[in-house]
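Trainee: Hello! Could you walk me through this model and show me how its terms are applied?
Mentor: Gladly, let's take it step by step.

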Amino acid sequence: MAKIDIRRPHGKTVAEARAVVERVAERMREKFGTEGGWEGDTLTFQRSGVKGAIAVSPSDVHVTAELGMLLSPLKGAIEEEIRKKLDEQFA
């Protein structure tokens, strides 16, 4: 299984960063059918082939995910898309 581990600093309050993550999570639900919810300041998500979390701290956003066998070959493309979205939302 391939693992993704990305940190992105932000200059927002935790509440602002959580709101951004919630908007991204809503798009993930619509586009990919993910399920999950908040556990403190960490949004967990899962669907067939992927399980992960987005943790929000006062200084950064930390995305972690484990990709199943079918998605593992796409790790590079998935990481690139995550980085692009983080850049758009937290630049």
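Trainee: How many salt bridges does the count come to?
Mentor: Seven salt bridges. The rule asks for a side-chain nitrogen of Lys or Arg within 4 Å of a carboxyl oxygen of Asp or Glu. Before we go on, this is a predicted model, where local features need pLDDT of at least 70, side-chain atom pairs count only at pLDDT 80 or more, and totals for chains, interfaces and linings use all residues. Residues are numbered from 1 along each chain as its sequence is written, and side-chain values use heavy atoms, with hydrogens and water left out.

Trainee: Why is the contact between arginine 7 and aspartate 60 called a salt bridge?
Mentor: The N to O distance for arginine 7 and aspartate 60 is 3.2 Å, and the rule asks for within 4 Å, so the pair qualifies. Arginine 7 lies in strand S1 (residues 2–9) and aspartate 60 in strand S5 (residues 60–67), 53 residues apart. Strands here are DSSP runs of E with at least two residues, helices are runs of H or I with at least four, and both are numbered from the N terminus.

Trainee: What makes aspartate 60 buried or exposed?
Mentor: Buried means under 20% relative accessible area, exposed over 50%, and partly exposed in between (1.4 Å probe, protein chains only). Aspartate 60 has 14%, so it counts as buried.

Trainee: What separates glutamate 88 and lysine 85 in helix H2?
Mentor: About one helical turn, because they are three residues apart in H2 (residues 75–90). Glutamate 88 forms a salt bridge with lysine 85, with the closest N and O atoms 3.6 Å apart.

Trainee: Why are S1 and S2 placed at the edges of the sheet?
Mentor: The open sheet has five strands in the order S1-S5-S4-S3-S2, with antiparallel pairing. S1 and S2 each have a single partner strand, so one side of each is left without a neighbour in the sheet.

Trainee: What makes strand S4 and S5 a pair?
Mentor: Two strands pair if DSSP finds at least two bridges between them. S4 (residues 50–56) and S5 have seven bridges, so they are a pair, in the antiparallel sense. One of the bridge partners in S5 is threonine 64, which faces alanine 53.
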